[in-house]
Amino acid sequence: MAKTKKETVDKKNESKTENLRSWRPNKQQRFVLGCLLILFSVALLVAFISFYVNGQWQTDQSAVSQLGDRTEVVENWLGKFGAYLSDLIVYRGFGLASFILIRLFFLTGLFLALEMSTKKLKSIWFWDLFAIIIVSVLFGFFATSAPELGGTIGYELNLFLQDYIGKTGTLLTLLFGLIIYLIFKIKLSPEKIQSYFDSTKKELKSELGTLKPQQAESAYNLEEFAIEEDPELDNIHLKSDVSQFEINKEALKPTINHSSEIDLNPVLKPLQMDINPVTVTPPVHTEEFVIEKAEEEDIIEENLASRLVADFGLFDPTLDLSNYKFPTIDLLKEYSTGGITINQEELEENKNKIVDTLRNYKIEIAQIKATVGPSVTLYEIVPEAGIRISKIKSLEDDIALSLSALGIRIIAPIPGKGTIGIEVPNKNPTMVSMKSVIGSAKFQEAEMELPIALGKTISNETFVVDLAKMPHLLMAGATGQGKSVGLNAVLTSLLYKKHPAEVKFVLVDPKKVELTLFNKIERHYLAKLPDTEDAIITDNAKVVNTLNSLCVEMDNRYSLLKDAMVRNIKEYNEKFKARKLNPEAGHRFLPYIILVVDEFADLIMTAGKEVEIPIARLAQLARAIGIHLIIATQRPSVNVITGLIKANFPARIAFRVTSKIDSRTILDTQGADQLIGRGDLLYTNGNDVVRVQCAFIDTPEVEKITDFIGSQKAYATAYLLPEFVGEETGINLDMDISERDTLFREAAEIIVNAQQGSASLLQRKLKLGYNRAGRLIDQLEAAGIVGPFEGSKARSVNISDLSALDQFFNNEQN
C-alpha cells in the first residue's frame, strides 16, 4: 500500500507539471504583460539616452558596483536601476545596438496588449537579434577608441574575429552579414535596384525635356523617332493615328468587381506599354530575342504580382463567406467530467494477479507500473534478467483468464522502451466525449493542413493526426464497433478547423442513413456532380461517375500545377494567394477534396472493377493535388481491397474484429481481435500501433453542428465536380461496315445462339484474345445486335434466332 501511495503522489506531481506546461495566459493576463513590456521599453529608452548624455556612463561607472549604498548619487534619469541596466546592456553588452532591444520589447508588448497574432514576432526577434550582433561588431570594428559605442560584446567579438581571420576577413564577414539582412529582411533585390536607377533616369530625362521643349516635341513625332532609331525601318508601315500608342493612365488603376476576384489583364496591358511606350522593331526570329522576351514577361508578371499584393494584400479565399462563423464548442455534449477515476483497489488487485500468474510459470518481475487510460490500463513490467520475451507473450490467454478480463493485449516489447506492456480493460471505462477532444489545446493549436482528432490514448492524451500526410485512411472493423461514429468524428474535426472555402467532402453512403445529416451543409462543404439533386451519394450506380469525375478533377489539377511550376497543392495555393497566377489562364484556388465511403465492400459487390480502377488511380496519384480518401469497410479482404489499393493506404484504423486473421488482414499484425469494442481502436501509419479510445459523438450533436453551419450564408450551389461522360454510350463505336472484323458474322451467330452478349464467350468459342473479343463486342453493339454495357451483367441480345440474323445481314447488303 505504501508503494501505491507513492505512485499516487508521483501522478499528482506529473499532473501539476502538465498543467504548468499547458498553461496559457488569458486575455487580461496578456494585456497586463503587454503593458508591462511597453512601459519597460520606455524605461530602457530613458535610461539608454541618459547613459550617453554628458558622458554619464563614465560618472555612473563607479556607482554601479555600489548599488546597495543609498548615499551613492547617480546622474542617470532612471536612477540607480537605470544606471545598472545601462551598464549591463549597453556598456557590457551591445553598445548603441542595444536601442534595437527597446524596439523588440515595445513591439512584443504591443502584440500582446492588442491581441495580435504572435506568429510574426518570431521573425522580428530573429532578425532584430541578428541586426544587434552585426551592428555591435561593426561599431567595435570602426570605433575601437570608444568602447561605449560597440559595447563589450561587440568589442570582444571584433577582436576574436580579427585574431583568426584578420581585419580584412572580419570586414568581409560583416559585409556578408549586412547583405543577408538586406536581402532576407528588407527584401532588397537586383530588380529593385535596377528599377530605382531606371526611375532616376526617367526623372532626369523628364527634367531635360522641360529644359529643351523642342526636343521633347520631336520625340512625339513617331516617324522621325523610328528613322532616327534605325534607318532600316523605312519599309515598315506606320499608322498615323498616334492615339493608338498613348497610355490611358486611368487603366493603370485595377478595377475589381468583387473582393475575391481580380481581373489581371486590364492591369497587365498598361504595364507592358509603360515599359516601352513607343518602340517599333522589325520581326527578328532569333533564340536570344525569344529568351529576352520570356525574361521580360516574367519580370512583368513578378512586378505585377508584387504590385497587386502591395495594393490589395494576399488573396483571401474566404472572402466570399467572410462572415462565416465556425461552430462553437458548446454545441457538443460533455458525457463525463473529463477526468479519469483511478480505482486503487482494482489496480492493486490486477497487479497482484499478473505477478502471481507469471510467477507460476517461474517468471520473476523486477519492476511494474501502471498507466490508467479512459478504457484500458497499461501495466508496464520489467522482467528479471534472462527471461525470454516470447515466453511472456505466449501466456496471453493465461493472464486473461486470471484477470477475468474481456481480452488483454501484450506488447512485447513496447517500442522505444525497455519494458513489456500488458493492456487490461477497465471494469468501469470512461467515455471520451468529442467536446473534450475538440477543446484540447493539442487540437486547437495543431498546425496541420487537415487535423483530425480521433480520441485519447492510454496516457489520456488527445490523439491528433494530419490527413494530408497519411495521405489516405482505411477504417475497418466488425459491425457495431464504431466505424460510423469514427467517420463522424473525422468529419466533425475538419468542420471545426477548416473554412468552407478550404475543404470539400464527397460523401458516399450506401446505408442511406449514416451521413444524411450532412445534407444541411451541402452548399457550404459538399461537392457533387452537375445536374444531380442530392450531394450525398446513396445509389451505387452513381458512384462510378463520381469516382471518374474525381479522376478528371485530379488530371485537371495536375495540369494547373504543371503550368504553375509547383509540386503540390500547398505550394500552388500559396502562389495563387500571392497573386502570381492569372485567373484568366484558368488558375483558381484549390480546396482539399475528401472522399468518404461508408461500407466500401457493398460498392465492390455491385460495381466491381468499375469502382476499383478509379479508386486505385486516386489512391496512387491524388495525394499531391489535395484529394484524400477515407474508406470504411467491415473486412478489407483481397477481393474488396486489392493489393494495389491497400499499398496506398499506409494509415489504417482497426476497430474490434472477431479473429486474428481479420486483424492481420487490416493491420498486418494481430491485436484488433483483443479490443473491447465501443470505439476502442488501433491506429497505425506504417510504423507503430497506437491504441486509442475513439471520441464519441452522437446524432443530436452532429445535427446541432450541421444546423449551426446550414443556417449561415452559403455559396450559390455545392462545389461542382467536372462532368464525366462514360465511354459506354456507343459514340466512339465502329459504324463502318467495311472495317468490321473478319470474324464478325461468326461472332454474331455465337452470340445469337447463346443469347448472351459477353467478350469472354467469344474468347472461349473463337479462341481469341481479350482485345479482339472486346472490339467484336463493340462492333456488335454498334450494329445493334447486342445491347449497351450493363456493368457486371452480360449484354442483352436484340436478335432472337439465326433466321432473324440472316434477315438482318440481307437488309444491310441491300
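The protein contains 31 helices and 15 strands, and the coordinates discussed here belong to a predicted model. Of its 814 residues, 42% are buried. When contacts between residues at least 6 apart in sequence are considered, 67% of them join residues at least 24 apart. The protein exposes about 45,100 Å², of which carbon and sulfur atoms supply 54%.

As for covalent links between side chains, a disulfide is a bond of this kind between the sulfur atoms of two cysteines. In this model, the structure holds zero disulfides. Two of the cysteines can be described by their relative accessible area, as listed below.

| Residue | Relative accessible area | State |
|---|---|---|
| C551 | 5% | buried |
| C694 | 5% | buried |

Each entry can be read against the cut-off for burial, which is under 20% relative accessible area: C551 counts as buried because its value is 5%, and C694 counts as buried because its value is likewise 5%.

On the surface, a nonpolar patch is formed by I179, L182, I183, F184, I186, L188 and I193, which together have about 590 Å² of accessible area. Which helix gives the most to this nonpolar patch? The answer is helix α8, which spans residues 147-184 and supplies four residues to the patch. F184, one of the residues that form the patch, lies in helix α8.

Key: Residues numbered from 1 in each chain as written. Predicted model: local features only at pLDDT ≥ 70, side-chain atom pairs only at ≥ 80, totals over all residues. Heavy atoms only, no water. Disulfide = S-S within 2.5 Å. Buried < 20%, exposed > 50% of the residue type's maximum accessible area, 1.4 Å probe, protein only. Helix = DSSP H or I, 4+ residues; strand = E, 2+ residues; numbered from the N terminus. Contact = heavy atoms within 4.5 Å. Areas by Shrake-Rupley, 256 points an atom, 1.4 Å probe, with all protein chains shown as cover. Patch = residues over 30% accessible without salt bridge, like charges linked within 9 Å, V, L, I, M, F, W, Y side chains within 5 Å. Salt bridge = Lys/Arg side-chain N within 4 Å of Asp/Glu carboxyl O.
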